[in-house]
Amino acid sequence: MAKELHVDLIDLNQRSMDFFSRKGKDYVTVNYFMNLPAGVYEAYPDGQHDNTHFQPAGAKEVARMVFEGLKQINSNKLN
């Protein structure tokens with residue numbers, strides 16, 4: 001779609017897959033996604049298993065990926 005519309009693209013899907021793969025499934029599952037143990041958080045008494053939504057650390061990493069993508073786009077335009 002980006003090519004068809006002649007707009008810049010940050011392939012966040014690929015960037016996040018590469019980044020999370022380097023970190024490892026176990027680390028990412030515990031530290032970046034909303035996988036929470038039972039009995040720890042009042043709002044999630046039974047815990048939660050969610051590999052879609054981010055904890056703050058995961059959201060920060062995705063925001064960093066977007067920032068890096070924007071820097072790359074700007075750098076490419078200057079060259």
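Begin with the aromatic rings: 7 aromatic pairs are counted, where rings of Phe, Tyr and Trp (its six-membered ring) pair if their centres lie within 6.5 Å. The model is predicted: local features need pLDDT of at least 70, side-chain atom pairs count only at pLDDT 80 or more, and totals for chains, interfaces and linings use all residues. Residues are numbered from 1 along each chain as its sequence is written, and side-chain values use heavy atoms, with hydrogens and water left out.

**First selection: F20 and Y32**

Select F20 and Y32, which form a tilted aromatic pair with 5.8 Å centre to centre and 50° between the planes. Planes under 30 degrees apart count as stacked, over 60 as edge-to-face and the rest as tilted. This pair links distant parts of the chain, 12 residues apart: F20 belongs to helix 2 (residues 12–23), while Y32 is in the loop between helix 3 (25–31) and helix 4 (56–78). Are F20 and Y32 buried or exposed? F20 has 12% relative accessibility and therefore counts as buried; Y32, at 4%, also counts as buried. Buried means under 20% relative accessible area, exposed over 50%, and partly exposed in between (1.4 Å probe, protein chains only).

Now extend the selection to F19, F20, Y27, Y32, F33 and F54, which ring pairs link into a cluster.

**Second selection: the whole chain**

Return to the whole chain and display it as a cartoon. Helices (H or I, at least four residues) and strands (E, at least two) are DSSP runs, numbered from the N terminus. Along its principal axes, the C-alpha trace spans about 55 × 25 × 20 Å.

Of the 79 residues, 25% are buried. Switch to a surface display: the chain exposes about 6,200 Å², of which carbon and sulfur atoms supply 55%. Accessible areas come from the Shrake-Rupley method with a 1.4 Å probe.

Select H6, in the loop between helix 1 (2–5) and helix 2. H6 has a positive phi of about 60° although it is not a glycine. With a relative accessible area of 72%, H6 is exposed.

Next, select H49, in the loop between helix 3 and helix 4. At 74% relative accessibility, H49 counts as exposed. Which residues does H49 touch, not counting residues up to four places away in sequence? They are M34 and N35, with contact meaning heavy atoms within 4.5 Å. Show H6 and H49 together: these residues are 43 residues apart along the chain, and their C-alpha atoms are separated by 39 Å.

Finally, select E68 in helix 4. E68 is partly exposed, with a relative accessible area of 31%.
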